[in-house]
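Reader: I would like to learn how to read the contacts of aromatic rings in a protein model. Could you take me through them slowly?

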Amino acid sequence: MTNTDKKTSHPLWGDFYSRFFKSKEESIVEILSSIPMLQTLKKRELKIISKFAYERSFETGEMIFETGQPGAAMFIIKEGEIKIVKKIDSGDYIDLAILKDGEFFGELALLDNSPRSAAALVSSSTKTIAIFREDLNNLLESHPELGGKIMKRLAIITGLRLKATNGQLIEKENEIQRLKEELNERS
């Protein structure tokens, strides 16, 4: 056992020591391995992706992106909280989703530069990892098998989110119909 092994297995220093001396790449690889889109990838594949995963910190109240901006990157929340919001006619924002550690958003930007359909508002100091479409496109050229795996998982996740959104839309339409019927009965 080396001195380093002794230090990392020490009851007092064990976890703290190893986290303190972990490389940035290892930390990012761990985070990447936890998101559904990349969970099935091997560690060496995650290391390739970690080379173009960019870390950025945001403060409470900052917008990561606004509705209508062209999408360029997807984001993974390393730590913190993000609200996906939509501006309404009054100028206020309504929350569409609240996302926390390990969750990701903006993934459709990996497919094209369509305008963002909602905004991402930082609700508490947040550290993110961004993956840009241009880098993913380069990965598709340099490592087509790996890029294909990512695109397949992205398609599956997009489909699942679309189904969930459709379900919510149907629920809201049913609620509106029920409220209309109640109003008609009162009239």
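**Aromatic rings**

Author: We begin with Tyr54, which at 40% relative accessibility counts as partly exposed, a class lying between buried (under 20% relative accessible area) and exposed (over 50%), with a 1.4 Å probe and protein chains only. The model is predicted, so local features need pLDDT of at least 70 and side-chain atom pairs pLDDT 80 or more, while totals for chains, interfaces and linings use all residues. Residues are numbered from 1 along each chain as its sequence is written, and side-chain values use heavy atoms, leaving out hydrogens and water.

Reader: How many aromatic pairs does a search of the whole structure find?

Author: A pair of aromatic rings is described by the distance of the centres and the angle of the planes. Rings of Phe, Tyr and Trp (its six-membered ring) pair if their centres lie within 6.5 Å, and planes under 30 degrees apart count as stacked, over 60 as edge-to-face and the rest as tilted. The search finds 4 aromatic pairs. Tyr54 and Phe132 have ring centres 5.7 Å apart and planes at 70 degrees, so this pair is edge-to-face.

Reader: What is the accessibility of Phe132?

Author: Phe132 has 32% relative accessibility and therefore counts as partly exposed.

Reader: Which aromatic pair is tilted, and are its members buried or exposed?

Author: Phe65 and Phe75 form a tilted pair, 6.1 Å centre to centre with 35 degrees between the planes, and both Phe65 and Phe75 are buried. Together with Phe105, Phe65 and Phe75 form one aromatic cluster.
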